[in-house]
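Please examine the fold shown below before reading on.

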Amino acid sequence: MSTEKKTDFSADAEAAVQLEAEAQTGPDVTAYTHTFEKPFEFRGRTVTKLTFNWGALTGEDHEAIEGDMLRHGQTLTIPAFTGPYLAGMAVRACTDRDDNGIRIVDADFLKALPLRDYHKIYFSARRFLLRSGS
């Protein structure tokens, strides 16, 4: 007896088309400032806002994100719909640094965020990619 499960991706495909259409009609957002409703504490640091400059990312950033994904056994399909890629974008696009000039946002920081904040940052990266036709 087969336990093979069939999946219909037509609803997902329609949702993707709708998201892309919405991104094209919205403003061209190359930067995003996320303000936390409640200060976020991580590793002894309290953060009230984060700024992401999506427009500053380069091909080198893309290669580094994709390489990191491959090292972790993840495959990049479509950047705008690949969670680990969007998270990598957020790490690299965040302009906030500590007193030593080191990024305050890394993968562990993102994973510790409240889901609502994580999704707002994640969807900002997605809107940027969809708006740019990626």
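The residues that line the largest cavity comprise 7 nonpolar, no polar and no charged ones. In this classification Ala, Val, Leu, Ile, Met, Phe, Trp, Tyr, Cys and Pro count as nonpolar, Asp, Glu, Lys and Arg as charged, and the others, Gly among them, as polar. The lining consists of Leu-86, Ala-87, Ala-90, Leu-110, Tyr-118, Ile-121 and Tyr-122, and H3 and H5 each supply at least two residues of it. The space in this largest cavity is about 30 Å³, and the count comes to 1 cavity of 30 Å³ or more. A cavity is a set of points on a 1 Å grid over the protein atoms alone where a 1.4 Å probe fits but cannot get out, and lining residues have an atom within 4 Å of a point. Grid points are joined across faces, edges and corners, and the volume is the space filled by probe spheres set on the points.

The model is predicted, and local features need pLDDT of at least 70, side-chain atom pairs count only at pLDDT 80 or more, and totals for chains, interfaces and linings use all residues. Residues are numbered from 1 along each chain as its sequence is written, and side-chain values use heavy atoms, with hydrogens and water left out.

The chain contains 5 helices and 2 strands, arranged along the sequence in the pattern α-β-β-α-α-α-α. These elements are DSSP runs numbered from the N terminus, with helices (H or I) of at least four residues and strands (E) of at least two. Of the 134 residues in the chain, 31% are buried; buried means under 20% relative accessible area, exposed over 50%, and partly exposed in between, with a 1.4 Å probe and protein chains only. Among contacts with a separation of 6 or more, 60% join residues 24 or more positions apart, where contact means heavy atoms within 4.5 Å.

Which residues does Leu-50 touch, not counting residues up to four places away in sequence? Leu-50 lies in strand E2 and is buried, with a relative accessible area of 0%. Its partners include Tyr-32, Phe-36, Cys-94, Val-105, Phe-109 and Ile-121. The C-alpha atoms of Leu-50 and Ile-121 are separated by 9.3 Å, although the two residues are 71 residues apart along the chain. Val-105 in turn touches Leu-50, Ala-90, Val-91, Cys-94 and Leu-110, again leaving out residues up to four places away in sequence.

A search of the whole structure finds 8 aromatic pairs. The rings of Tyr-32 and Phe-52 have centres 6.4 Å apart and planes at 20 degrees, so this pair is stacked. Tyr-32 belongs to strand E1 and Phe-52 to strand E2, 20 residues apart, and both residues are buried. Phe-42 and Phe-109 form an edge-to-face pair, 5.4 Å centre to centre with 80 degrees between the planes. Phe-42 lies in strand E1 and Phe-109 in helix H4 (residues 107-112), so the pair ties together parts that are 67 residues apart in sequence. Phe-42 is buried at 18% relative accessible area, and Phe-109 is buried at 2%. Phe-36, Phe-40, Phe-42 and Phe-109 form one aromatic cluster. Rings of Phe, Tyr and Trp (its six-membered ring) pair if their centres lie within 6.5 Å, with planes under 30 degrees apart counted as stacked, over 60 as edge-to-face and the rest as tilted.

The loops and the surface complete the account. Thr-82, in the loop between helix H2 (59-71) and helix H3 (83-93), counts as buried at 7% relative accessibility. Arg-43, by contrast, lies in the loop between strand E1 (31-42) and strand E2 (45-53) and counts as exposed at 58% relative accessibility. Phi of Arg-43 is near 50 degrees, a positive value in a residue other than glycine. Most residues other than glycine have a negative phi. Lys-38 lies in strand E1 and is exposed, with a relative accessible area of 68%.

Notes
1 Å grid on protein atoms, 1.4 Å probe; cavity = no way out; pocket = protein on both sides within 12 Å on 5 of 7 lines; lining within 4 Å.
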